[in-house]
Each structure stands twice: as structure tokens, then as C-alpha cells.
Amino acid sequence: MSPDAHAPLEQPIGVFDSGVGGLTVLEALRRALPGRDFLYFGDTARVPYGSKPPELVRRFAWEISGFLLRQGAVALVVACNTASSVALDDLARLGVPVTGVIDPAVAEAGRYGHVGVIGTRATVASGAYQSRLEAQGKRVWSLATPLFVPIVEEGLWSDGVAELVARHYLEGAPEDLEALILGCTHYPYLKPLLERLRPGLTLIDSAEPTARAVAGSLPAGPGSGRVVHYVTGDPEAYRALAARLGVHAGEVRKVELGAL
């Protein structure tokens, strides 16, 4: 651990997700805002959010946002599609910049006429993606694909079981679909598989467009590029899974749920 590991971060940006999926957004943010400090919160004790009632997800999002603000976050990025779809309006009242992952992905899909959306049950049921796309005159196909989250959480995105599940989910997708929004931050890990099953279909994930949106609205700011990870579950299990996903989670701190 570096000597300044317990020094305060400089105007950090808070990023949160139900688990490790939001690390895709965090890494894109770090590329877009090099040198900026970040707080990443993975609610690993309560993952997944997609099968939980919207009012419960809103409560979780409010708790986590409050925690990150108390740690000094000057802006928030809701890296969870489920939380973005049901809680973003509530979080806008916090008095700091709050960015979700839905609008940037919808903007990225703007040049396509027939767009698909896959995500958790809660995200798809909310209609957050569909209503925005339909308002732009798009044809929209959507499907809840909840089994993809545990597949990624278990590191099985290259396993045969992932292909069986993906084939099952995609068998009803229209042949003339032009683009598919990966409406969950876990899903980018399945990109190679989905590209193989549906060659020519453009896959859109929210990480890069969200990072561009945040970088366009916030200054580069102070900091040293440090990241502190907070988790509600086991820190070592989180660190091991993050490593499996290609992310080195150096500073991982356990947060007791009662402290949120």
C-alpha cells in the first residue's frame, strides 16, 4: 500500500453499480479523465438489482449516493442501468452533477433505425430505453436477459453455458436489427460471444459514451489518478473478480450496510 493511501482524494467522482459491471464504466472514465480521482462503490452484497422492486433499487441508490457524497464525491455517475432507469430523477435533487448510462447509449444509437435493447428485468420493464428510442422514431425490440448477470459475475462469459443462454435469448431477435444496446454494464464482457452469434450487428454499450458525456461536463480537475473501491460484500472476492475482468482493484474497503 502506498504511503498516501489514506490521504483524502482530490474532488473525486463517485461511481456506483450493483456489483462489478460498472468497472467497465469506471475504466472508460479513467481513460477520458486521466489523473482524476474516483470512488467506486460495488453493492456486491445485494447484487443483482435487476430482479428487485424499483422502490428498493431507488432506496439503495439513494443510500449509496449519500455515502459517496459523505466521502467527498463532487459528482456522481450511476453506472448501473437498473438504477439509472428508476432512480436518476430522484438523485438529480442531490445538488451535484449526476450522470446515468441510458441517455449516452441512446444518443450513440441515434444513427440506426431498428434498435434492440437487452437488460435486466427492471431496466426493460421500466421502458427507459424504449421510450427514448421511440421518441426519436426508432423501431425498437427489447428483451429482459437476466441470466447474463450471474454468468458474468461467475466469470463464465467464455463458457459453453453462456453460448447456450445467448442463443436462447437471441433466437427471437429480428433479422433486420441494426444495433443492439447492451443495457447492463455487465454485458460488455459478452461482446465477443454476441458478435460471433450475430455478425454485422452493431453492439452499443454505455461505457465510452457515458465517459465522454462526463468528461464534456466536468473539468479535468485535480487528483493523482487514484481509485478507492468500496464494497458491501467480501473485499477479497471482489478483488479476485475484478482481476478476472482485467481490473486491478488496489484499495478495497468494506462498508457495512448499516453504515450507508
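Student: Which helices and strands do the buried residues of helix 6 pack against?
Tutor: This is a predicted model. Helix 6 covers residues 128-135, and its buried residues are A128, Y129, Q130 and L133. These buried residues pack against helix 3 (81-91), helix 4 (102-108), strand 5 (114-119), helix 5 (121-126), strand 6 (139-144) and strand 7 (179-183).

Student: At roughly what angle do the axes of helix 2 and helix 3 cross?
Tutor: Two packed helices are described by the angle between their axes and the distance between the axes. Helix 2 (residues 54-70) passes helix 3 in a right-handed crossing. The axes come within 9 Å, and the crossing angle is roughly 65°.

Student: How many nonpolar residues does the contact of helix 2 with helix 3 have?
Tutor: Helix 2 contributes P54, V57, R58, A61, W62 and S65, while helix 3 contributes T82, A83, V86, A87, D90 and L91. By class, two residues of this contact are polar, two are charged, and the nonpolar ones number eight.

Student: Which strands are at the edges of the six-stranded open sheet?
Tutor: The strand order in this sheet is 4-3-1-2-9-10, with parallel pairing. An edge strand here pairs on one side only.

Student: Which residue in strand 2 is the bridge partner of G14?
Tutor: Strand 1 (residues 13-17) and strand 2 (residues 38-42) run parallel and are joined by five bridges. In strand 2, the partner of G14 is L39.

Student: Which strands of the sheet does helix 3 touch?
Tutor: Helix 3 packs on the sheet, and its direction makes about 155° with that of strand 3 (75-78). The strands touched by helix 3 are strand 1, strand 3 and strand 4.

Terms used: Residues numbered from 1 in each chain as written. Predicted model: local features only at pLDDT ≥ 70, side-chain atom pairs only at ≥ 80, totals over all residues. Heavy atoms only, no water. Buried < 20%, exposed > 50% of the residue type's maximum accessible area, 1.4 Å probe, protein only. Helix = DSSP H or I, 4+ residues; strand = E, 2+ residues; numbered from the N terminus. Contact = heavy atoms within 4.5 Å. Axes fitted to C-alpha atoms, helices over the stretch in contact; angles between N-to-C directions. Left-handed = near helix turned anticlockwise from the far one by under 90°. Nonpolar A, V, L, I, M, F, W, Y, C, P; charged D, E, K, R; others polar. Pairing = 2+ DSSP bridges.
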